[in-house]
Amino acid sequence: MKVTFWGTRGSLPAPLSAAAVRAKIVNALVKGAGHGLDSADKAAAFCDAQLSFAEAGTYGGNSSCVQVDTGGGEYLLCDLGSGVREFSLSALARHGPSRPQTYNVLVSHVHWDHIMGFPFFVPAFIPGNRIRLHSCHPQLERAIRNQNSAPCFPVEFSQLAASIEFVPLEPGRPYEIAGARVTGKLQLHGNDSYGYRIEKDGKSVVYTTDSEHKLDQPAEMAAFAEFFRQADLVIFDSMYSLADAASVKEDWGHSSNVVGVELCQMAQARHLVLFHHEPIHDDARIQGIHRETMRLEQITRSGAPLQISAAYDGLIVDV
Amino acid sequence: MEAKQTRLSGSLILRPAGRVDMGNAEAFKELLLRVLAEAKTALVLDLAELEYISSAGLRAIMIASRAAKSGGVALGVAAMQPVVAEIFAISRFDLVFPCFASCREALARLAPDALAGFDAL
């Protein structure tokens with residue numbers, strides 16, 4: 001499988017400001033002074049070798065949308081945050097508008113940041129396309145129809161030309177979707193959310209965002225470790241610090257990098273991707289959290305190493 | 001998990017040893033609350049012999065910290081081993097609890113009346 005991250009922010013999109021872009025340019029110019037950067041190739045090589053990811057790039061600002069390429073003929077996405085617009089433009093560039101496609105989406109829940117991209121999901125406007133919105137969440141259809149209606153949006157749901165189906169899923173029951181086996185799990189979040197484990201050819205990806213974990217409930221933690229069991233990739237809601245998640249932001253429905261490491265270690269998972277970044281965090285802050293999380297994994301490791309990544313818009317992971 | 005206690009005129013030092021993880025975090029929390037009930041001025045957690053603490057263990061200290069605050073008792077953390085200090089920093093609990101390099105430093109700040117007794121140990 002190949003996993004592409006199109007939107008990685010939590011709560012709402014967080015685009016870079018002009019001041020932030022300028023600060024990156026100023027920093028790069030100062031660091032590059034005296035290095036003879038008189039061509040684009042030299043400048044690009046300097047960026048790759050001498051600047052950190054946060055200095056030379058950005059984690060991005062779109063809200064949750066992840067594509068899981070299962071190798072079949074149908075698309076599979078997780079969530080419809082603002083990142084789905086970038087995905088849809090990419091898909092259209094690949095196929096053109098005249099070749100109908102099937103787009104499967106696993107929707108975690110219906111909070112706005114996870115469905116806000118759907119009104120701008122271009123394939124929904126094109127006749128012949130088939131869009132299947134799968135979810136364990138019982139309010140998905142109502143939320144999507146309400147979002148595509150006045151006064152929130154000028155294009156009514158009934159005007160969308162593609163064939164759009166709402167496919168209810170039961171948690172704990174495996175389904176065959178886009179050539180993969182998909183199993184949902186109820187998560188602790190306001191008005192509920194659902195994680196999905198996606199399995200294909202002996203490989204597994206777990207998409208688990210907007211999920212709080214109660215540290216005083218070992219059975220609940222063990223159940224999630226089982227859901228993550230030996231996963232090749234765990235895309236994990238690490239929005240808050242552990243201290244915040246356990247104190248001032250308790251019951252806000254999110255988790256932390258520390259709990260992500262602990263659960264993945266319990267599960268003997270192979271790769272943890274920090275996801276649903278706090279929108280107030282700038283690139284340097286997210287990079288710092290990534291480095292700290294790698295260090296935490298190193299000092300608490302008791303078995304095989306757990307790879308740690310911080311998701312960014314455009315990240316591609318082969319599983 | 002072993003935990004030695006030292007009583008110092010209204011304050012206590014608790015020295016847990018080994019690991020606090022999901023398996024014993026609840027017992028650790030109960031221990032903290034029991035010890036806290038005996039403290040009048042301060043409870044200092046001497047973590048010099050603590051090798052590892054998980055998220056559940058950190059939460060146990062946070063519960064005790066809340067109880068201490070409502071009871072008018074100061075709670076501080078002292079003498080962390082480097083690995084434990086890193087776990088506190090990465091989890092940001094170093095911003096939640098007063099952390100000190102040594103028990104003496106903790107007592108000097110939280111319970112000066114207990115210092116003489118501590119120095120006499």
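Helix axes here are lines fitted to C-alpha atoms over the stretch in contact, and angles run from 0 to 180 degrees between N-to-C directions. Helices (H or I, at least four residues) and strands (E, at least two) are DSSP runs, numbered from the N terminus. The model is a predicted one: local features need pLDDT of at least 70, side-chain atom pairs count only at pLDDT 80 or more, and totals for chains, interfaces and linings use all residues. Residues are numbered from 1 along each chain as its sequence is written, with chains lettered from A and ligands numbered from 1 in the order in which they are written.

To begin with the place where the chains meet, the axes of α10(A) and helix α3 (residues 82-91) of chain B come within 10 Å and cross at roughly 145°. On the α10(A) side the contact is made by A:Glu292, A:Arg295, A:Leu296 and A:Ile299, and on the α3(B) side by B:Val83, B:Glu86, B:Ile87 and B:Ile90; two residues are in contact if their C-beta atoms, placed from the backbone, lie within 7 Å. By class, this helix pair brings together 5 nonpolar, no polar and 3 charged residues. Here Ala, Val, Leu, Ile, Met, Phe, Trp, Tyr, Cys and Pro count as nonpolar, Asp, Glu, Lys and Arg as charged, and the others, Gly among them, as polar.

Taken as a whole, the contact between the chains draws 18 residues from chain A and 18 residues from chain B. On the chain A side, the elements giving two or more residues are α7, α8 (242-246), α9 (257-267) and α10 (283-300). Of these, α10(A) gives the most, with 5 residues. The chain A side splits into 10 nonpolar, 3 polar and 5 charged residues.

α10(A) also has a partner within its own chain: the axes of α9(A) and α10(A) come within 10 Å and cross at roughly 40°, this time in a right-handed crossing. A:Asn257, A:Val258, A:Val261 and A:Gln265 of α9(A) meet A:Ile289, A:Thr293, A:Leu296, A:Glu297 and A:Thr300 of α10(A). That contact divides into 4 nonpolar, 4 polar and 1 charged.

Another chain A residue that reaches across is A:Leu215, which sits in the loop between β10 (203-208) and α7 (218-227) of chain A. A:Leu215 is buried, because 26 other C-beta atoms lie within 10 Å (20 or more make a residue buried, 12 or fewer exposed, and anything in between partly exposed, with C-beta atoms placed from the backbone). Neighbours within four places in sequence aside, A:Leu215 touches A:Ala246, B:Ser55, B:Ala56 and B:Arg59.

Each chain also has an open sheet. In chain A, 7 strands line up in the order β6-β5-β4-β3-β2-β1-β14, with mixed pairing; strands pair if DSSP finds at least two bridges between them. β6 (163-168) and β14 (316-318) of chain A stand at the edges with a single partner strand each, so one side of each has no neighbour in the sheet. The twist averages 20° from one strand to the next. At one end, strand β1 (residues 2-7) of chain A and β14(A) pair in the antiparallel sense over 3 bridges, with A:Thr4 opposite A:Ile316. Helix α4 (residues 83-95) of chain A lies across β1, β2 (65-69) and β3 (75-78) of that chain, at about 125° to β1(A).

The chain B sheet has 5 strands in the order β1-β2-β4-β6-β7, again with mixed pairing. Its edges are β1 (3-8) and β7 of chain B, each with a single partner strand, so one side of each is left without a neighbour in the sheet. β4(B) and β6(B) pair in the parallel sense over 5 bridges, and B:Leu43 has B:Leu75 as its bridge partner in β6(B). Helix α2 (residues 55-71) of chain B packs on the sheet, touching β4 and β6 of chain B, and its direction makes about 145° with that of β6(B).

Helix α4 (residues 103-110) of chain B has B:Cys103, B:Ala106, B:Leu107 and B:Leu110 as its buried residues. These cover an arc of only 95° around the axis, which puts them on the same side of α4(B); the arc is that of the directions from the helix axis to the C-beta atoms. Their cover includes β2 (11-16), β4 (42-46), β6 (74-78), β7 (99-100) and α5 (115-119) of chain B.

Conventions: A crossing is left-handed if the near helix is turned anticlockwise from the far one by less than a right angle, and right-handed if clockwise.
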